[in-house]
Amino acid sequence: MGKAGRDWGQIYSIYGVDDWQTPIFLLIYAIFFSILSVIFLVYFEPICYFFHHFLPGPSSARFAAGFTGSVTALSAVCLFYAAGNIFYSSVSLHWEMAQRMVNAVGDWSSVKHALDLGCGRGILLNAVALQLKKSGSSGRVVGLHPTPTCSLSTLRTAGLEGVQEYVTCRSGDPRKLPFSDNYFDVVASAAFVHTVGKEFGQKTAVAAAERMRVLGEVVRVLKPGGVGVVWDLVHAPEYVKRLQELKMEDIRVSERVTAFMVNSHVIVFNKPSQLFVGPNEVRLDWRLNNLC
């Protein structure tokens, strides 16, 4: 059973697995290495005899056969773990983290406009919509994704969750959000920001600049006094640094959570109601037009 009385089978039936090829690929290789390790165990002596043709002495042959069999078995265990972790992270963990992100916002009853950046299949989007419905809010949540074809599948999951009247989906560039300044009370994003700029390579300066542009857009469309909640992989320290440079308040970072075989964190922050800098009290510009 999942949290809040949700059955994992029900959750998987609604949302499915987005990138199912990867865990299946890993599972096939895990099974292959498992069979290979069993062969090494059952036919150890003949394998030692085979190794003896290439190595001097029986002890060297036995060591080589034992070492190869051990590495094969360890590889199978690692591949099974990787397949399981990616499968779990895709839906179950994603759903659990969505509940954490929703709980990070104190009062949903006063939320009129919320944004899920990179809504995907709608796990976080529908969690926000369910919270709006539960709190009796008249607010709505917009799901934005770079892929236009995502909207139909996302709206289908919203219908299955019974929150279609709270949800709107649209496509758009996360680096230049199609919304006005100071529009949303809450902006949330789950396991998405790290994918922006990946075509340039995750560790390149260009990719980092693209991710910072997305953060700048999140801050721009967030209302003064609004709450931002970002769950993402690997790059949490650079997000925190950029949010500090943008003078965000009450920046909180969750404990480490392993997702998709890497570290992830939830970052929660508030946009100041008023922000002035310098002796002449010049208001900061949230846009990152200087980034290239």
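Tutor: A residue is called buried when its relative accessible area is under 20%, exposed when it is over 50%, and partly exposed in between, with a 1.4 Å probe and protein chains only. The model is predicted, so local features are reported at a pLDDT of at least 70 and side-chain atom pairs at 80 or more, whereas totals for chains, interfaces and linings use all residues. Residues are numbered from 1 along each chain as its sequence is written, and side-chain values rest on heavy atoms, without hydrogens or water.

The structure contains 11 salt bridges, each a side-chain nitrogen of Lys or Arg within 4 Å of a carboxyl oxygen of Asp or Glu. One of them joins the side chains of R62 and E45, with 3.0 Å from N to O. This pair connects distant parts of the chain: R62 belongs to helix α4 (residues 58-103) and E45 to helix α3 (residues 44-52), 17 residues apart. Helices (H or I, at least four residues) and strands (E, at least two) are DSSP runs, numbered from the N terminus. R62 is partly exposed because its relative accessibility is 38%, and E45 is also partly exposed, at 47%.

Helix α2 (residues 21-42) packs with α3 at an angle of about 90 degrees, and their axes are 5 Å apart. Axes are lines fitted to C-alpha atoms, for helices over the stretch in contact, and angles run from 0 to 180 degrees between N-to-C directions. The two helices, α2 and α3, are therefore roughly perpendicular to each other; angles of 65 to 115 degrees count as such, those under 35 as roughly parallel, those over 145 as roughly antiparallel, and the rest as oblique.

The cysteines deserve a short note. C48 is buried, because its relative accessibility is 5%, whereas C78 is partly exposed at 44%. A search of the whole structure finds zero disulfides, a disulfide being a pair of cysteine sulfur atoms within 2.5 Å.

A further salt bridge links D185 with K223, and the closest N and O atoms are 3.4 Å apart. D185 lies in strand β4 (residues 184-190) and K223 in strand β5 (residues 222-233), so this pair ties together parts that are 38 residues apart in sequence. D185 is buried, with a relative accessible area of 17%, whereas K223 is partly exposed at 26%. Leaving aside neighbours within four places in sequence, K223 is in contact with H113, N182, Y183, F184, D185 and K271.

The side chains of R242 and E245 form a salt bridge of 2.6 Å, N to O. Both residues belong to helix α8 (residues 236-245) and stand three residues apart, about one turn of the helix. An α-helix has 3.6 residues a turn, so residues three or four places apart point the same way. R242 is buried, with a relative accessible area of 18%, and E245 is partly exposed at 39%.

Just after α8, K247 adopts a positive phi of about 65 degrees.

Finally, salt bridges also occur as a network, which links D173, R175, E210 and R213.

Terms used: Contact = heavy atoms within 4.5 Å.
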